[in-house]
Amino acid sequence: MANTIIGSSIVIDGEISGDEDLVIQGTVKGKIALKESLFVEASGVVEADIEVQNVDVAGRVTGNIAATDKVELKADCRVVGDVRAPRILIADGASFKGNVDMDVKER
Amino acid sequence: MVATKEFSTVGPDSTVIGPSILISGKLTGDEDLTVRGRVEGELNLSKTLIIETSGVVKANVSVRNAIVSGVVVGNVVATESVELTREGRMVGDIRSPRVIIVDGASFRGRIDMGNAEPRPQAERPATRPVVRPAAVRPATLPARPAPQAAPARVMAPAKPQPPPVARVEARPEPRVEAKPAPPPPPPQPVLVGEAGKKKVLVKKKK
Amino acid sequence: MATNDNINIIGRGITIRGSLTGAGDLVVEGRVEGQVNLKNHLTIEMSGVVEADIRADELTINGSASGNIDAGTKCSINQSARVNGDIKAARVVIEDGAVFNGSIEMDVKLPDDI
């Protein structure tokens with residue numbers, strides 16, 4: 001699985017960047033930029049703009065999400081912000097407020 | 001403490017910063033943190049920070065324990081201990097009651113271990129709070145209060161397996177991997193027969 | 001360590017005040033105040049107390065030292081040692097249990113991008 005895990009008691013206020021999978025069980029505020037997948041687990045709280053390839057959200061995200069591949073909002077997640085990706089999945093039970101943009105022509 | 005490799009097999013709930021990850025900003029937490037990538041800014045942990053050989057921390061660090069096998073640029077305040085392993089490199093100041101610098105590590109900066117700590121030779125190792133490989137000084141603890149008891153305990157089971165012996169001496173810590181540097185006492189039977197103090201002397205002379 | 005052409009011992013009862021210079025190895029079990037300038041290996045035993053600026057090729061401290069230390073190759077601060085001062089050496093080792101307050105200057109090779 002992922003190399004990088006931000007545990008549940010961890011709070012990061014700043015920027016995270018990298019090219020490997022990232023699992024967030026704790027809190028991240030600021031900005032996340034990854035070339036791979038981001039997993040916001042149920043305990044995870046993200047108040048950040050997110051730029052990734054894939055993102056799975058089971059926790060809470062406040063901020064705009066831009067994925068080059070796919071965004072998946074799982075049941076019980078809470079997302080406030082705009083989502084932009086070629087593929088977007090919103091599960092039954094997910095709570096989401098924001099715009100969806102699946103029109104990913106180069107911009 | 002020394003067996004850094006032990007720590008790298010961290011449990012699922014502890015935090016790992018992978019080798020390609022850069023975090024810049026402020027990181028706080030109440031769990032162990034292993035850094036294989038890069039952290040810049042400020043780092044506050046109530047537990048142990050492990051910086052592996054690929055890890056780079058350019059931050060002011062405040063932790064309970066720090067084990068540095070990678071690079072640190074910044075000041076480190078640790079409430080318990082700081083250890084620079086053979087591959088550790090650090091530029092900055094350290095404030096901690098225990099500081100260990102292993103041969104091979106490089107360091108530039110100030111070290112403040114404080115003077116408040118009373119230091120009667122005999123009591124010191126016993127009162128030390130931090131986890132440590134128990135095999136390091138097996139005879140020290142029992143040797144002082146009851147010098148007679150020490151040889152028996154050490155000699156009997158020590159030859160096959162030093163670490164379990166140490167465990168007998170009521171050290172609860174689970175990390176009982178042998179420290180590489182100090183050899184277990186049994187090979188020097190003469191000295192083991194004496195109180196612990198002598199043995200320490202010999203180790204230095206080698 | 002260099003050749004042990006001779007080993008000198010400053011015994012427990014002895015106190016030396018002034019400047020101490022030499023080429024052989026020296027073991028201090030007593031007390032030295034002033035300056036020490038040694039070509040080879042200086043050992044401060046557990047009973048030894050050195051209040052001096054020290055220059056030596058190699059230094060092993062089991063006792064107490066205060067003053068600035070300039071060691072050519074290596075300075076070992078062992079478990080029973082108590083050291084105050086600034087240290088300059090290619091290699092410095094501090095064992096667990098040692099008490100050291102002061103600065104250390106080694107050559108630290110950092111990554112380029114730091």
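Seven bridges join β2(A) to strand β2 (residues 22–29) of chain B, and the two strands run antiparallel; strands here are DSSP runs of E with at least two residues, numbered from the N terminus, and two strands pair if DSSP finds at least two bridges between them. The model is predicted, so that local features need pLDDT of at least 70 and side-chain atom pairs count only at pLDDT 80 or more, while totals for chains, interfaces and linings use all residues. Residues are numbered from 1 along each chain as its sequence is written, chains are lettered from A and ligands numbered from 1 in the order in which they are written, and side-chain values use heavy atoms, with hydrogens and water left out.

**Strand pairing**
- Within this pairing, A:Ile12 has B:Leu27 of β2(B) as its bridge partner.

**Extent of the interface**
- Chain A places 19 residues in contact (heavy atoms within 4.5 Å) with 21 residues of chain B.
- About 1500 Å² is buried between the two chains, with carbon and sulfur atoms giving 46%; this is the accessible area (1.4 Å probe) lost on putting the two parts together, summed over both.
- A:Ile5, A:Ser9 and A:Ile10 supply 28% of the area that chain A buries against chain B, more than any other three residues.

**Polar links**
- Between chain A and chain B, 12 residue pairs, both at pLDDT 80 or more, are in polar contact, meaning N or O atoms within 3.5 Å, one able to donate a hydrogen and the other to accept it, where residues adjacent in sequence count only if both atoms are side-chain atoms.

**The side of chain A that touches chain B**
- β1 (4–6) and β2 (11–18) of chain A each supply at least two residues to this side, and β2(A) gives the most, with eight residues.

Terms used
Helices (H or I, at least four residues) and strands (E, at least two) are DSSP runs, numbered from the N terminus.
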